[in-house]
Amino acid sequence: MYHVVTIGIVSLILYLLTLAGSRYGIISRRKHRIFWNIILLITFIVTAGAGIFLALQSNYKWNIEGVEKLLNWHVEFGTGMSFTALIHLSWHLQYYYNIFKKDQGRDEEALKVKSNNQLPCNPGLLMIMLGFLSGTIQVIFLREILNLSGGYEIIAGTVFAVWIIISAAGARLAGNNSNFNLNALAWGLPLSAVLSFTILILLSRLLTGEGVIPGYYITLLITTISLLPFCTISAFLFVKLSYFSATSRKITAGSSFATETAGSMISGILITLLAGSVIDNYQLVIASVLLYIIILGAFSGRQRFGIYSVAASLMLVAALITDPDTGIRNIILDSVKIAKSKDSQYGNIAVSNYGGEESIFYNHRLISYEQNIKQREENIHYAMLQHENPVDILLISGGLNNHLPELRKYKTIKSITYLERDPELLAMTSDIKDTVTEADINVISDDAYSFVKKTGGSYDVIISLLSEPENIVSSRFYSTEFFSNIKRILTEKGIFMLRAGGASSYLSKEQTGVLSSVYNTLKNDFTEILPIKGESVYLICSSGDLSVDIPGIADKRGIENSYVNRYYLSKDIIKYNSLQVNELTDSTISKNSLNRPVVVFYSQKHQMLKAGNGRLIFPVIAGLILLLPFFAGRRKSRTMFTSSLNLAGTEIMALILIQSTAGNIYQLAGLLIAITMAGLASGSYFDIFRNKRALQYTAPVLGLTAIFYAFISSPLLNMENVLLSTSLSLFIVFIPAVVAGSYYRSATLESKDSLSISSVYFADLCGAALGFLIIASVLVPLFGIKTTFLILAFINFASYITGQLSRIAGKVFK
Amino acid sequence: MKKREFVRRCLITAGGISLCPASLTGLSQPQVRSKNYRPALFQEETAKGIMCNICPNECVLKEGELSDCRNRIVKNGRLYTMAYGNPCAANLDPVEKKPLYHFMPSTLTFSIATAGCNLACMNCQNWTISQKSPGDTRNYDLMPDAVVENTEKYNCKSISYTYSEPVTFYEYVFDSATLAHERGLKNILVSNGYINKDPLLKLSKVIDAANIDLKSFSDKTYLKLTGGKLEPVLNTIKTLKNNGVWLEITNLMVPEWTDNTDEIKDMCKWLVSNGFSDTPLHFSRFQPMYKLEQLPPTPVDVINRAWDIARQEGLKHVYIGNVPGTHASDTICDKCGRKLLERRGYRILSNNIVNGRCKFCDSPVSGVWA
């Protein structure tokens, strides 16, 4: 065991001591530096000497007693040398900083040389197209990474964070660099988009084995490398184009931001309208890239670029009439042998044909397959056998064709309602079309939360085969509100069954957290809960009695099964396992609700364990890095940072509110993005803060808004009028967006150089990234929506107070 | 950047990290009670540290270091196991679930496992324990005498050391198995077979039956899929058989990884040529699991093809697992072709084995039947 942390802490303390000594005149500054130079020299000599000796020993196989101790010293002194070197680096940072810092005069000169003619089209149009392409690429990239690695919030937050960190670096690079060619950048942008997706596809094959889900850090690596080309170029182009517009066209940076945002808004609307229903993911990427080229070429007024436009148009037609997605999906999921791929508004549906057997994958995860006898029998009979006389059945998701033969074994059934959110999934599983003609089957395409909330039906048995509560979207099917509605539509001794996570021989602490939260939530409405360990942990709930003698009941009622029978199951083992699960459930774990989806926290911990032993160092470090503008930035950057963090947080919580009120977030998500972008665009275009004194009140205004939102969040969640609650939930992003947009305009208005613009942009991006990283994955699951809004309010007020204090301190010490 | 600013940033970072809960960063150390520590068997002092000789990983550990299996640690210059009397799983299972089809059929077995494994299979169905240390799991307090008591209490005829990897809790297995033998109970080892010869020879004296997971017949696949090697597993199979432990072999057919028919043919040929034609072979159906979630389940046709190959190559008892209702779950007499054991699920519907011989043609049937 090496003493990395101890050496680090000791070095830091020693450094602070000698630094303080030199500051207060106890020792001279020279002696302070000499001391650290000597430390560096000693550590270097020991590390290098031991290293050379060890290398020789390894090469020539010298078998010397005690040589392993030398290795120890080599590493320990090497660690000490590294920390000392970091201290030295801090003395000379300015030197390295200057290497990248270009003379401002040269920057302006370079811009003057580049005339408007060298742009492929009008800068405003280029800015719109930049926003359009960025918006599209971001949404599709996020979808694909979630497909690749699992759809939980930390991954989504990480993708946003990486996107923004690279963009921020690109913006910063643009601020420091005068050696650029706007024309080349404009034409390079679509190529970088293609390159980013090509890298994504190649790396997902190269860095993972057949069928392997990449761990968290591999996902991070794939995301970072893939996004490098597109994010760097797009951010670089944005900053330079903003500066170009500001200097040559007298267009403010805020207006440029508004124009770019308008482009993103167009892409948001188009994705809402087209993606999933009309066009598949990769088809959309190809179409967006080609559309960008067509428009730039068409408006360039130059023949050469016009030819690009015509060629791109022909390619666009080809991309739209062919099916590139199935081919690309086959490259990504080579081991699955995809026969057909289709993107719906809810995710990717892929039908595989491996070894002559058909399987259906949803967002790259297996949801049904042929010959899944065990699972389909467990899904149906554990619940059905508990009811003496099941007549009306509600089956929520999981596939009708698989389960229908099992339901047909109960002759008392008069009606089966099958609920599936995704109409494309219903269409892809073609034989459902035959079953819907049967009189007693009612197939409904609706969101389960909305359906259960509004239906007036009554059911004897309700079986939920929805996905596990691994993200905020799916956690609402395990909430107090959902279960209350389920109870409402159950008959008096009706049975409700759901799956609450995997059931191996051991339930981990994290799995137990998920199970306990769901169990405690169910206790609200059901007096009896019977856990059964099968392929999953099944929780059977009722207000009447429940029996562990499932094989006995199956025998008695003549239900012939291949797995759920006395040959595989025994009453005693079911009882033993149920008691074991009951003992594991922790009554102190909070109930899961829409306002506080605590189950997501445990579920994400479980996912993270699977993805990389639960080490969350990256999110923590990324969070700290992203906090830099708050602690180290100027007041302007700090306020920009908190405004963006506030907006990102409000946007996420608006999404949660919408999915809770309207249910179907997918169609409304695009609308929410469009409203956010509209707010940002109007805020940054119109000069709202004409009175510059009002600027300093940005943070308190946002803080008060957040407090107001905290208090209206509960009434919004419980409002009867869905239209009103959804409209209000959509609208809450507008004010923070307008304020953030306006602040961006004002903060960049007086900027004399591209470095200032990039600083504000950097703070803006960091705030948004931090918001996406922590709010959905940590704050909302742990503290709930109301408290998270209050935390946002606190951050805004903290930003205001620190700003005021530094202003006062500045006056006092002037 | 000014120095003051640098210090300020350092302090902020250090403060942030110190405020961050250890559970979030994953830097917390496993906590195991002192009574669950026992001096490890088969340890050896070398110039580079203490070597654990239990399995082919042969970890060489310095003070405070954990073994690859996460169950062994060096303290005060000695190697200790941290997995003694602290199983995280204790369940009742039919013996057929292990799977063992020729060993005391229709009996219950008391199954225990601690955390830890010496391989890192990407398809592990018990990854929540196999890839953990005993300090990370929620454990029962079950010393060997309590294991035996529970086995008797629940009317089980045997104890199974299973789920994770019993080789990694070797000392606990050995003591429990010794005690169980004294009380007339049988011991079952469900293992990946990744163990060195000497520890295996010692363990064989107290183990009655074993199911060894032969994960692939390609060294390359073994390494990529599990992080281990094929050769030690083949040696284990031979050693167990030579030492009179009843042996059954499981082969999980993972699409694109281990479902190649040529490889299956090679494996069956090796088994037959090395005297394992009487050893039951179970082909098991894969379900997407752990890190291998982007794969389809093994098609039933593919498993049936493997079953045909194994029979053609001369293996007498070949079964199919994880496919309820399969034709390949009955035990057939290889001499007269009549049904010896008619199975449905984990139950026996008819038993035509009398004193270990076929009721119809009197030929011996390999296995432990009582």
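Q: What makes A319(A) one of the residues that Q283(A) touches?
A: Contact means heavy atoms within 4.5 Å. By that criterion Q283(A) touches A319(A), L320(A), T322(A), P324(A) and D325(A), not counting residues up to four places away in sequence. The model is predicted; local features need pLDDT of at least 70, side-chain atom pairs count only at pLDDT 80 or more, and totals for chains, interfaces and linings use all residues. Residues are numbered from 1 along each chain as its sequence is written, chains are lettered from A and ligands numbered from 1 in the order in which they are written, and side-chain values use heavy atoms, without hydrogens and water.

Q: Why does Q283(A) count as buried?
A: Buried means under 20% relative accessible area, exposed over 50%, and partly exposed in between (1.4 Å probe, protein chains only). Q283(A) has 6% relative accessibility and therefore counts as buried.

Q: What does the side chain of Q283(A) reach at 3.2 Å?
A: It reaches the backbone nitrogen of D280(A). A polar contact is a pair of N or O atoms within 3.5 Å; within protein, one must be able to donate a hydrogen and the other to accept it, and residues adjacent in sequence count only if both atoms are side-chain atoms. Q283(A) itself is found in helix α11 (residues 281-298) of chain A; helices (H or I, at least four residues) and strands (E, at least two) are DSSP runs, numbered from the N terminus.

Q: How do you know what span is expected of helix α9 of chain B?
A: The expected span is 1.5 Å times one less than the number of residues. Helix α9(B), residues 261-273, has 13 residues and reaches 18 Å from its first C-alpha to its last, close to the 18 Å expected.

Q: What caps the N-terminal end of α9(B)?
A: N260(B) does, with a side-chain oxygen 2.8 Å from the backbone nitrogen of D262(B).

Q: What makes β2 and β4 of chain B edge strands?
A: The open sheet has 3 strands in the order β2-β3-β4, with antiparallel pairing. Strands β2 (43-46) and β4 (60-61) each pair on one side only. Two strands pair if DSSP finds at least two bridges between them, and β3(B) and β4(B) pair over 2 bridges.
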